[in-house]
Amino acid sequence: YQQPLQLDDVSRACGLSKFHFLRSFKQYMRQSPYQYLLQLRLSQSCHLLHHTAEPVSSIAWQCGFESEVSFARAFRRKLGLSATQYRQLSKNGKVPQL
């Protein structure tokens, strides 16, 4: 999840066509590979925000986001608040769930 992933590479590594990989993944996981990867990255970022003092920009890079802006957008879209707000709430024991 920390590295950029290409659908062609992942499907090839599984020995499947891109179409078959997408269909199988979505059927089994109930979400697209992109949605799964985004959820995993955001979940890990929440963990790091709660348990470390790492800067938000560092956490964004560690979790595989291409920029701090893309991380901020995804985080706010999914959780409804900024990463900094999340960190403050989590320190007070009021951790919003993904």
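**Close-up 1. Leu 49 and the residues it touches.** Leaving aside residues up to four places away in sequence, Leu 49 makes contact with Val 56, Ile 59, Phe 75, Ala 83, Tyr 86, Arg 87, Ser 90 and Lys 91. Keep in mind that this is a predicted model.

**Close-up 2. The largest nonpolar core, 17 residues in all.** Leu 49 shows up again here: along with Leu 42, Phe 65, Phe 71, Phe 75 and Tyr 86, Leu 49 is among the residues with the most contacts inside the core. Two or more residues come from each of α3, α4 (56-62), α5 (68-79) and α6 (83-91). Helix α3 is the top contributor, giving five residues. As a rule, nonpolar side chains in soluble globular proteins tend to be buried together.

**Close-up 3. Phe 21 in helix α2.** Helix α2 spans residues 18-29. Skip the residues up to four places away in sequence, and Phe 21 touches Leu 7, Val 10, Ser 11, Cys 14, Leu 16 and Pro 33. Ser 82 is another story: Phe 21 and Ser 82 sit 61 residues apart in sequence and 34 Å apart in space, C-alpha to C-alpha.

Close-up 4. Tyr 36 belongs to helix α3, which runs over residues 33-51. With 34% relative accessibility, Tyr 36 falls between the 20% and 50% cut-offs and is therefore partly exposed.

Methods:
Residues are numbered from 1 along each chain as its sequence is written. This is a predicted model: local features need pLDDT of at least 70, side-chain atom pairs count only at pLDDT 80 or more; totals for chains, interfaces and linings use all residues. Side-chain values use heavy atoms; hydrogens and water are left out. Helices (H or I, at least four residues) and strands (E, at least two) are DSSP runs, numbered from the N terminus. Buried means under 20% relative accessible area, exposed over 50%, partly exposed in between (1.4 Å probe, protein chains only). Contact means heavy atoms within 4.5 Å. A nonpolar core is a set of buried Ala, Val, Leu, Ile, Met, Phe, Trp, Tyr and Cys residues joined through side-chain atoms within 4.5 Å.
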